[in-house]
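Subject: Structure handover

Hello,

Here is the structure I said I would pass on. My notes on it follow below.

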Amino acid sequence: MRKMLAFVVVSFSVGLPLAINQPTTAHAAKWHQGTPKVLRGKWEHKITVGKGQNAFRAPEGVKITKKGFSAYSFADPFVMEKVKYQKTSKHYYTFKGIETMYSNKTYKVRIHQVGKRLQFVTYYPNGGGHYTKMGKMTAWIPKK
C-alpha cells in the first residue's frame with residue numbers, strides 16, 4: 001500500500017507541472033496590433049528621376065515604426081497609422097491601417113521580406129470591404 005501511495009504522489013508531482021505548462025500556439029490568421037519587430041526600421045534605395053541633364057538621384061523607401069508605416073519617394077508620401085498586421089505566409093505580411101495624409105480611409109499593404117530586403121504593394125478600399133491593388137510590387141528595397 002505504501003508503494004502504491006508513493007507511486008501516486010511521484011506521478012502527480014511530475015505529471016501535474018507538465019500538464020499545466022502546455023505551450024500555447026500563436027494563431028497566424030489573427031490580426032496583431034502594431035508592426036512586427038523584424039520589419040521595423042528604415043528601408044531605402046536611390047532612384048533616378050528625370051532624363052538627360054535634368055536627371056538626379058532621389059531616395060525612395062519605407063519607414064516602419066512600432067505603430068506606423070510610411071512610404072516615401074519623389075512623389076507624394078503614403079502614411080498609415082493605427083496599424084495592425086497579419087503574417088499571411090513565410091516572408092509575407094499584410095498591414096491594415098488608416099491612411100492619414102489624404103483620405104483617412106483604411107488601406108492595406110502587402111509586404112514581402114527576405115533577409116535584409118523587402119517589396120510592398122498597396123491596396124486601396126473600393127467599398128463593401130473589398131480592396132483593389134494600386135500598381136505592382138515595388139523593386140527590392142534594402143534595409144538601411
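The largest pocket holds about 450 Å³ of space. It is lined by 22 residues, and those closest to its centre are Ala71, Asp76, Phe78, Phe120 and Thr122. Please keep in mind that this is a predicted model.

On where the lining comes from: strand 2 (41-49), strand 3 (56-64), strand 4 (68-72) and strand 8 (117-125) each contribute at least two residues. Strand 8 gives the most, with three residues. By residue class, the lining of the largest pocket consists of twelve nonpolar, six polar and four charged residues.

Next, the nonpolar core. The largest one has 18 residues, of which Ile64, Phe69, Phe95, Ile111 and Phe120 touch the most other members. Two or more residues of this core come from each of strand 3, strand 4, strand 5 (78-89), strand 6 (92-99), strand 7 (106-114) and strand 8. Strand 5 has the largest share, at four residues. As background, nonpolar side chains tend to be buried together in soluble globular proteins.

Phe120 turns up in both places: among the residues closest to the centre of the largest pocket, and among the core residues that touch the most other members.

Leaving out residues up to four places away in sequence, Ile111 touches Leu39, Ile64, Phe69, His91, Tyr92, Tyr93, Phe95, Leu118, Gln119 and Phe120. Ile64, Phe69, Phe95 and Phe120 in that list are also named among the core residues that touch the most other members.

The other residue is Thr94, in strand 6. Is Thr94 buried or exposed? Its relative accessible area is 13%, and the cut-off for buried is under 20%, so Thr94 counts as buried.

Finally, the chain as a whole. How many helices and strands does the chain have? There is one helix, and there are ten strands; along the sequence they follow the pattern α-β-β-β-β-β-β-β-β-β-β. Of the 144 residues in the chain, 27% are buried. Among contacts between residues at least 6 apart in sequence, 37% join residues at least 24 apart. The accessible surface of the chain is about 10200 Å², and 59% of that surface belongs to carbon and sulfur atoms.

Regards

Note on methods:
Residues are numbered from 1 along each chain as its sequence is written. This is a predicted model: local features need pLDDT of at least 70, side-chain atom pairs count only at pLDDT 80 or more; totals for chains, interfaces and linings use all residues. Side-chain values use heavy atoms; hydrogens and water are left out. On a 1 Å grid over the protein atoms alone, a cavity is a set of points where a 1.4 Å probe fits but cannot get out, and a pocket is an open set with protein on both sides within 12 Å along at least five of seven lines; lining residues have an atom within 4 Å of a point. Grid points are joined across faces, edges and corners, and a volume is the space filled by probe spheres set on the points. Ala, Val, Leu, Ile, Met, Phe, Trp, Tyr, Cys and Pro count as nonpolar, Asp, Glu, Lys and Arg as charged, and the others, Gly among them, as polar. A nonpolar core is a set of buried Ala, Val, Leu, Ile, Met, Phe, Trp, Tyr and Cys residues joined through side-chain atoms within 4.5 Å. Buried means under 20% relative accessible area, exposed over 50%, partly exposed in between (1.4 Å probe, protein chains only). Contact means heavy atoms within 4.5 Å. Accessible areas come from the Shrake-Rupley method with a 1.4 Å probe; for residues, only the protein chains shown count as cover.
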